[in-house]
Structures are given as structure tokens and as C-alpha cells.
Amino acid sequence: MSEDGIPRPVREAYDLDDTAAERVSVGWINRTFVVRRGGARFVLQRLHPVFAGEVNLDIDAITRHLEAKGVQTPRLVRTRDERLWVTQGDGVWRMLTFLEGRTVDALDPPRAHAAARLAARFHRALDDLDHRFHFTRPGAHDTPAHLAKLRRLRDPSHPQADAIVPLGDAVLEAAASLPALGALPQRIVHGDLKATNVLFAPDAPRARALVDLDTLAYGTIAAELGDALRSWGNTASESDPEAAFDRAVFTAAMEGYAEGAPGLLTDAEVDAIAVGAETIALELASRFAADVYEDAYFGWDRTRFASRVEHNLARVRAQLQLARSIRAQRAELEAIARRAFGR
């Protein structure tokens with residue numbers, strides 16, 4: 001193992017220089033580095049154990065299709081012996097092309113417009129692809145299953161019970177009154193369109209690429225754009241209990257998406273976007289709450305919190321407050337979406 005934590009066999013497989021790797025702190029799941037080979041930069045990642053190496057087969061096939069349609073994404077780099085990933089004792093490693101740009105934690109209306117327009121082009125480009133996935137995570141956005149798990153884990157004897165039990169109960173109560181989304185078309189989606197997974201041009205609000213493609217899957221636009229908008233439209237950080245939903249960001253995103261893929265979405269999909277954002281905020285709140293009990297999954301910010309449990313408690317409060325803000329504006333948001341899409 002080298003000093004930067006990259007196993008020697010991984011460096012050898014990708015012919016990497018001996019220069020120290022730069023650790024990238026964005027993201028809470030995969031361990032990410034910027035590395036060099038022949039002076040060029042690449043992104044090297046050790047995948048979280050929830051992802052099997054076969055996820056790279058899907059990424060390779062789908063990014064090749066996107067590239068043929070003129071949609072830029074990071075591309076996988078093969079090893080010296082043409083493998084798409086390397087398996088070591090500490091997990092699965094892979095390397096991707098490096099794209100110049102920047103990510104931001106929060107989107108203003110111009111960036112939300114650009115990000116949504118790119119997401120629409122991404123969805124449009126994949127609309128004709130019939131892909132059989134090699135790796136899937138069943139139930140990734142199965143909201144009832146996440147809520148049921150939280151209900152099962154409820155434990156008044158937990159060391160943080162005074163905080164987590166009432167918080168978890170509030171999440172479950174809010175979710176109980178969510179309207180049903182109904183049957184919606186299944187499309188190939190990114191699966192995790194939070195703000196930091198959109199790469200922007202360094203000096204302009206122009207979206208260059210969607211990154212972190214491990215969550216590619218068949219899913220609904222309600223979950224896809226709901227997840228995007230609960231991130232893009234949050235006026236505070238993901239851990240801030242003063243979270244609120246920004247209607248101007250939502251408006252810009254709806255207009256950007258409608259421009260990027262006119263006629264792609266059905267009326268039912270358009271009508272489900274606002275409820276989708278509220279649903280995903282509550283789903284994520286339930287997942288953070290479950291991890292308070294399990295203390296095993298989400299990464300956490302050691303510079304701000306004493307433990308994963310403490311960070312997850314803050315995130316539950318924030319996502320619950322965000323869902324409440326969306327609910328208070330839901331009728332207006334639905335009207336904005338219909339106008340943007342000409343419905």
C-alpha cells in the first residue's frame with residue numbers, strides 16, 4: 001500500500017506515476033483521488049462495498065451510447081490487460097477520464113436551468129437504449145421499503161432515543177400523507193442527481209457533464225428529478241435544520257428541462273415532479289434516521305460533527321424541514337411545472 005492509500009497493484013495495473021494522489025473530498029460514498037499518468041490527470045476510485053465491480057460494465061455501455069449521441073460523461077479507462085476494474089483486498093478500484101470543471105454545493109437559478117437542461121439531454125439520449133443491467137440495487141428508491149425499515153428499527157432504548165425516536169416518528173407521519181405517484185414510465189436514469197454530481201464549466205453557469213454514474217438504473221422521472229430538486233432547491237446545506245425550498249430554482253429547472261427535451265415527458269410525469277421532490281426528501285430523511293440506529297453506511301463530516309450519528313441526526317432534521325417546505329408550496333410548484341412544459 002502506498003502512502004496515499006492506493007494499493008501498489010492498482011497503480012501498476014493503470015501504469016500510474018509515482019506522484020502522490022490528490023484526495024477528493026466531495027461525496028460520502030466512494031473514495032476518490034485525482035492521479036497522473038504521463039502528465040495527464042485521471043480520476044481513480046475505490047468503490048463503496050455496496051457497488052460490485054460489474055457496475056462498471058453498465059457504465060461502459062451507457063457512456064459509449066451517450067458519447068455517440070454527443071453527451072459528454074467521464075469514461076472508464078481500461079487497465080494494461082483491458083480490464084474495466086481491479087479487485088484488491090480493500091475493494092474494487094477503477095479509473096475514469098478527468099473532465100475539467102467545478103462542482104458546487106448549491107445551485108442558483110442559472111445553474112439549475114443549465115443542470116436540468118443537461119439532465120434532459122441525458123434522458124433524451126438514453127430514451128432509445130434497451131440495456132440489460134449487469135448490476136442493480138433493488139429498491140434504491142423504494143420509499144415504502146425505506147420507511148418500513150425505519151419503522152422496524154425504532155428503538156426507545158437506543159442511546160440517542162430522545163432525539164431519534166421523535167424525529168423518526170415525524171418522518172413517518174409526514175410520509176403517511178404523501179399522495180400516491182401512480183404508475184409512471186420506467187426510463188434509464190442517472191439515479192443520484194444531487195448538486196455535486198453536476199460538473200460545470202470553471203467560469204460560467206454551463207453544465208458540462210453528469211458524474212458519479214454508479215447509480216444508473218431504470219427508474220421514474222419523479223424519483224430522478226425529485227432527488228435532483230431536493231438537492232438543487234435547498235436554500236441551506238444538507239445538514240442545516242433551517243432548510244427551505246427555493247421556488248425560483250425550481251422554476252429555472254423546469255424551464256431548462258423543458259428546453260432540453262421538449263415533448264419527452266408525459267403529463268403524469270410532469271405532474272409528479274413536485275411530489276417526487278417531497279417524497280425523496282422524506283425518503284432520504286428516513287435513510288439518515290435508519291443510519292442513526294445502524295451507524296454503518298453514510299460518510300460524515302469529521303470537521304463539523306463528533307460522530308456519524310450526530311451528522312445523521314442533523315441530516316434527518318434538515319431533510320424533514322425541506323419536505324415540509326416543499327409541501328407548503330406544492331400547489332404552486334405543480335402549476336409552475338405545468339406552465340414550463342406547456343401543459
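Reader: In this predicted model, at what angle do H6 and H7 pack, and are they parallel or oblique to each other?
Author: Helix H7 covers residues 247–260, and its axis lies 10 Å from that of H6. The two helices pack at an angle of about 140 degrees. Roughly antiparallel would need an angle over 145 degrees. H6 and H7 are therefore oblique to each other.

Reader: Is the crossing of H6 and H7 left-handed or right-handed, and which residues of H7 make the contact?
Author: H6 passes H7 in a right-handed crossing. From H6, the contact takes Ile221, Leu225, Leu229 and Trp232. By class, the contact has nine nonpolar residues, with no polar and no charged ones. The H7 side is made by Val249, Phe250, Ala253, Met254 and Tyr257.

Reader: What is the relative orientation of H5 and H10, and what is the handedness of their crossing?
Author: Helix H5 (residues 161–176) and helix H10 (residues 308–340) have their axes 11 Å apart, at an angle of about 25 degrees. Angles under 35 degrees count as roughly parallel, so H5 and H10 are roughly parallel to each other. Their crossing is left-handed.

Reader: Which residues make the contact of H5 with H10, and how many of them are charged?
Author: H5 brings Ala163, Ile164, Leu167, Ala170, Val171 and Ala174. H10 brings Leu313, Val316, Arg317, Leu320, Arg324 and Arg327. By class, nine residues of the contact are nonpolar, none is polar, and the charged ones number three.

Reader: How much space lies in the second largest pocket, and which residues are closest to its centre?
Author: About 680 Å³ of space lies in the second largest pocket. A total of 35 residues line that pocket. The closest to its centre are Ala140, His141, Asp142, Thr220 and Ala223.

Reader: Which elements give two or more residues to the lining of the second largest pocket, and how many lining residues are charged?
Author: The elements are helix H4 (143–153), strand S10 (217–219), helix H6 (221–232) and helix H9 (273–294). The lining has 19 nonpolar residues and 12 polar ones, and its charged residues number four.

Technical notes: Residues numbered from 1 in each chain as written. Predicted model: local features only at pLDDT ≥ 70, side-chain atom pairs only at ≥ 80, totals over all residues. Heavy atoms only, no water. Axes fitted to C-alpha atoms, helices over the stretch in contact; angles between N-to-C directions. Helix = DSSP H or I, 4+ residues; strand = E, 2+ residues; numbered from the N terminus. Parallel < 35°, antiparallel > 145°, perpendicular 65-115°, else oblique. Left-handed = near helix turned anticlockwise from the far one by under 90°. Contact = heavy atoms within 4.5 Å. Nonpolar A, V, L, I, M, F, W, Y, C, P; charged D, E, K, R; others polar. 1 Å grid on protein atoms, 1.4 Å probe; cavity = no way out; pocket = protein on both sides within 12 Å on 5 of 7 lines; lining within 4 Å. Points joined across faces, edges and corners; volume = space filled by probe spheres on them.
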